[in-house]
Amino acid sequence: MPLLVVEDLRIYYFTGRGVVRAVDGVSFSLEPGEVLGIAGESGCGKSTLAWGLIGLVPPPGRIVSGRIVLDGVDIVGLSEDVLRSRIRWKRISMIFQGAMNTLTPVYTVGRQMVELLRVHGGFSEREARARVLELLDSVGLERGIFDRYPHELSGGQKQRVTIAMALALDPDIVIADEPTTALDVVVQAQILNLLKRLQREKGISFILISHDLGVIAELADKVMVMYAGRVVEYGPADIVLRRPGHPYTYMLLRAFPRIHGPRGRLEYIPGAPPDLRSPPPGCRFHPRCPFRVEECSVREPSLRDLGGGHYVACIRAGELQFSV
Amino acid sequence: MIEVLRFRPRRYVYAVNNVSFALREGEVFCLVGESGCGKTTTGRALLGLVKPTGGRILYRPSRELAERLGELGVVFEDGFVDLVSLGRREWRLVRREIQVVYQDPYSSLNPRFTVKRSVEEPLIIHGIGDEEWRDRRVREMLEAVRLLPVSEYLERYPHELSGGQRQRVAIARAFILNPRLVVADEPVSMLDVSIRAEILELLVSLKSRLGTTIVFITHDLATARYVCDRIAVMYLGSIVEVGDAEKVIREPLHPYTRALIAAIPEPDPANRRRMRELPIKGEVPSAVDLPRGCSFMPRCVVYDRADPRIKRLCEERRPGLARVARDHWVACWAVS
Ligand SMILES: Nc1ncnc2c1ncn2[C@@H]1O[C@H](COP(=O)(O)OP(=O)(O)OP(=O)(O)O)[C@@H](O)[C@H]1O
Ligand SMILES: Nc1ncnc2c1ncn2[C@@H]1O[C@H](COP(=O)(O)OP(=O)(O)O)[C@@H](O)[C@H]1O
Ligand code: SF4
Ligand code: SF4
Ligand SMILES: [Mg+2]
Ligand SMILES: [Mg+2]
């Protein structure tokens, strides 16, 4: 049975200049111990989706409709009290985009972690201290970090601290929103190795969000590709990254510079993603799609099941076949 | 066309320590490295925005510029001027030939300037052409960077443009004086992956058409591979390996270059959950307490395995760039 099922989730921002449909009918499921990678260009709604899953959509945004079913219980509409005391950190925790820069500068690392355990986990001071040391070990940090302030740490060390915090209360699901985006490539690889090890040792289910398909490929069992607030492709990583069925996924893969293999030509997708206040009619990708047909600008494709858990939202789904 | 001979910027002792390279006319030369290694500082030195405390930056100006510099009493050696020795007045002239594209398209354009004004600015500063001529030149440049139809963009302000469009404006502005050298500091790293290649292609096609030389600064070796003729890999303020781009990437010789390449993720599901072997230890230390010998030593796995004779060299002497093959130089005692 899936641990998490998301059905037709819609999250809009009601701004003075119009309604931003940041997440517009997103569905997926997550099995225990599975890693789901969510990919897409900046602004396509990845972070908004993540905030939605833990009930922290910033105003003027809110969940407009849809269900988020965690272990059989729909958590959309639960009060903030219930979310805070029962769900967040304990069941679903999140490593926020740029989180390493949001550690409170005035407290030591240890103090911040102890507080989290006391406030959200009901630990005593002594239990909390012991647990923090254990957590520091598990993310490969020296125990001496306990008494250090965030500004005394490197970027990689800070990110390890935020990972330790996300794991503190043994959640079932950890959402990692661009966990390595601000890091240098060597540190990024070190952090990805850490996530791989933690995933294996603890069987955590991860939702890994990144605009970087290379990062996604390092961990994800399943990949969901978003474009302009919608899911355009969803399926096993092996299929989505090797034989994608959606033109957008294919072109994104072709735009990715590669360090190995023949150099080839770097492709690009003409134009830019649309303004989510007034997305184009029909397929939202049609103004940029070299494979479009007439129907694409009038009919909006929905996800079509191509078998083997592979879904593609394209009018020409099944007919277009790519290999990368 | 330009030769940088060992310089150290004045304000911060170790930002750039031991950098020398020579640019060939019409090439794209990449400076690659992790954040803080001194890429931007090197670029700023080429632009005369930081003054090195030591070393020289030799530049061979166009004939026309050489004449004007000569009138100001600038001394030439073999047709080169030392940019480091130039004063403000001379730099004003040199800037016509050395332009820049910055990383952040959101802060590099004046928010109160229209596209037309931004692109025209260098012509105005250098007092070139009359209004009509400048207007024509601006339109030409916007066409060249494919902001089409031009009339739709002329009067727009930066906030009315996407990141990619702003970067095109910045490129048009950098090229409008027909410079001989353009320093492009991470020009696509803030843009979405899907549009990066388009901007890179634009940059490369402009330079091919105009014969410009480009210093391309990036933290991403994979991107460098697609735009550069030659690559220089920097670590803690020094160049550790330099050479033909494809050679450096396919046959990296410096232990640091090897680690950088091993760390780059690729969208290949075969890598899933496989621990990545990283032939490097720890993280970049602060540049303040560099070891006496090779600055990469604390992180070097080759040093760990090296024989005592090499180890002693690593500990005691800073390795300089040594030629290991045609167009391939490496600063490592274990290689040379
Ligand atoms: N104005 C300054 N004052 C003091 N130190 C500086 C200054 N500018 C840069 N530095 C230091 O010089 C070193 C090199 O910086 P530089 O900006 O050249 O690196 P970079 O390779 O361009 O990094 P990035 O990839 O982050 O852009 C760093 O250690 C940096 O902290
Ligand atoms: N607080 C907010 N108010 C209004 N619009 C927002 C807010 N946060 C995000 N958006 C908009 O929602 C869309 C999705 O943003 P986001 O979820 O951050 O995307 P991603 O994480 O994929 O980059 C974007 O168009 C963005 O501009
Ligand atoms: S529906 Fe049409 S426009 Fe959209 S991705 Fe498919 S082919 Fe392209
Ligand atoms: S000189 Fe020595 S320490 Fe430096 S990179 Fe080479 S082997 Fe490593
Ligand atoms: Mg985001
Ligand atoms: Mg820089």
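A polar contact is a pair of N or O atoms within 3.5 Å; within protein, one atom must be able to donate a hydrogen and the other to accept it, and residues adjacent in sequence count only if both atoms are side-chain atoms. The model is a predicted one, in which local features need pLDDT of at least 70 and side-chain atom pairs count only at pLDDT 80 or more, whereas totals for chains, interfaces and linings use all residues. Residues are numbered from 1 along each chain as its sequence is written, chains are lettered from A and ligands numbered from 1 in the order in which they are written, and side-chain values use heavy atoms, with hydrogens and water left out.

With that definition in hand, the contacts of ligand 2 can be read one by one. A polar side-chain atom of Thr48(A) lies 2.4 Å from an oxygen atom of ligand 2. The backbone takes part as well: a polar backbone atom of Ser47(A) is 2.7 Å from an oxygen atom of the ligand, and a backbone N or O atom of Gly43(A) lies 2.7 Å from an oxygen atom of ligand 2. Taken alone, ligand 2 exposes 560 Å², of which the protein buries 70%; such accessible areas come from the Shrake-Rupley method with a 1.4 Å probe, and for residues only the protein chains shown count as cover.

The shell around ligand 2 holds 14 residues, and Gly43(A), Gly45(A), Lys46(A), Ser47(A) and Thr48(A) come nearest, where a residue is near a molecule if one of its heavy atoms lies within 4 Å of it. By class, the shell has six nonpolar, six polar and two charged residues; Ala, Val, Leu, Ile, Met, Phe, Trp, Tyr, Cys and Pro count as nonpolar, Asp, Glu, Lys and Arg as charged, and the others, Gly among them, as polar. α1(A) gives the most to this shell, with three residues. Helices (H or I, at least four residues) and strands (E, at least two) are DSSP runs, numbered from the N terminus.

How enclosed is α1(A) by the rest of the structure? Seven of its eight residues are buried (under 20% relative accessible area, with exposed meaning over 50% and partly exposed in between, for a 1.4 Å probe and protein chains only), so α1(A) is largely enclosed. Among the buried residues are Lys46(A), Ser47(A) and Thr48(A). Just after α1(A), Gly55(A) takes a positive phi of about 70 degrees.

In chain B, a disulfide (a pair of cysteine sulfur atoms within 2.5 Å) joins Cys30(B) to Cys228(B), with an S to S distance of 1.5 Å. The pair links distant parts of the chain, 198 residues apart, from strand β3 to the loop between α9 and β9 of chain B.

Phe291(A) is partly exposed at 24%, whereas Phe322(A) counts as buried at 10% relative accessibility.
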